[in-house]
Amino acid sequence: MDLGIAGRRALVCAASKGLGKACALALAREGVHVTLTARSADALEAAAAEIRAATGVTVTTAAGDIATEEGRAAALAACPEPDILVNNAGGPPPGDFRDWEREDWIRALDANMLAPILLIKATVDGMIGRRFGRIVNITSGAVKAPIPILGLSNGARTGLTGFVAGLSRQTVKHNVTINNLLPGPFETDRLRKTMEGGAKASGRSIDEEMDLRRQSNPAGRFGDPDEFGAACAWICSARSGFMTGQNILLDGGAYAGTL
Ligand code: NAP
């Protein structure tokens with residue numbers, strides 16, 4: 001299928017590794033020019049070089065923390081008029097809500113709720129004017145089935161989801177869609193770090209912990225970031241204009257609800 005987005009411009013946040021990078025690569029394979037962000041400049045430049053070499057599209061970078069004003073300004077300076085915006089940032093740490101102070105909540109809200117909302121605010125009217133826009137927020141399966149130790153994530157991401165549910169119905173008539181992609185367990189650094197915590201607590205090795213987790217998924221494996229990128233590219237395509245405000249769960253069937 002020709003996704004019909006060759007030559008478009010995408011701003012992909014938090015994209016030097018993992019799911020963000022996979023989205024950027026999948027878009028670049030469709031001929032989309034991409035701007036990547038991440039905090040560490042070295043890893044960011046390495047990812048940009050890899051995507052450039054693999055696809056031949058224009059790849060630009062903006063190093064910075066997307067949860068800050070400065071980080072977002074740098075991202076928008078590198079890609080002032082994106083046709084496609086992929087919102088992403090690192091997830092908040094696990095813990096017990098009794099230990100979290102107001103500052104912990106503000107950090108989670110800044111990264112996982114307010115940064116996406118402020119980037120949408122900065123870009124959506126341009127998309128409406130150009131009569132094409134695709135916004136994808138990488139959230140989490142925790143939005144559908146909250147994970148007890150990830151209260152900061154459950155809360156902040158659900159706030160974003162509620163906001164998007166309202167706005168996405170106002171932009172779709174202008175061919176600007178806003179959807180959320182909800183990862184279950186995908187094999188990335190973030191997943192491995194989470195598993196390290198579990199391994200320490202259980203006394204198992206990290207490999208044993210990873211195997212147990214794979215076996216507990218109906219698919220018998222973790223997701224491959226490439227699968228996530230491919231889903232993102234389709235949502236960002238010219239073919240998907242009738243889908244907005246949706247929460248698409250990619251979790252190998254781990255969420256056991258009928259709907
Ligand atoms: P990852 O492999 O750790 O990659 C995170 C990427 O985001 C890196 O490029 C990192 O680079 C960048 N980043 C992190 N914080 C940033 C910030 N404040 N500003 C700019 N860039 C930032 O993580 P991932 O697995 O791809 O996860 C992506 C998102 O999906 C996270 O929010 C995670 O919680 C969520 N998620 C993941 C899974 C999973 O199984 N992988 C499941 C559910 C939800 P720098 O560190 O250099 O900034």
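1. A residue counts as buried when its relative accessible area is under 20%, as exposed when over 50%, and as partly exposed in between (1.4 Å probe, protein chains only). By that rule, the buried residues of helix α5 include L152, R157, L160, V164 and L167.

2. A word on where this comes from: this is a predicted model, in which local features need pLDDT of at least 70, side-chain atom pairs count only at pLDDT 80 or more, and totals for chains, interfaces and linings use all residues. Numbering starts from 1 along each chain as its sequence is written, and side-chain values use heavy atoms, without hydrogens and water.

3. Now the interior: a nonpolar core is a set of buried Ala, Val, Leu, Ile, Met, Phe, Trp, Tyr and Cys residues joined through side-chain atoms within 4.5 Å. The largest one has 36 residues, and L27 is one of those that touch the most other members. To this core α1 gives the most, with seven residues. A second, separate core of 21 residues includes V164 and I178.

4. A polar side-chain atom of D65 is 2.7 Å from a ligand nitrogen atom. R157, buried in α5, has a side-chain N or O atom 2.9 Å from an oxygen atom of the ligand.

Note on methods:
Helices (H or I, at least four residues) and strands (E, at least two) are DSSP runs, numbered from the N terminus. A polar contact is a pair of N or O atoms within 3.5 Å; within protein, one must be able to donate a hydrogen and the other to accept it, and residues adjacent in sequence count only if both atoms are side-chain atoms.
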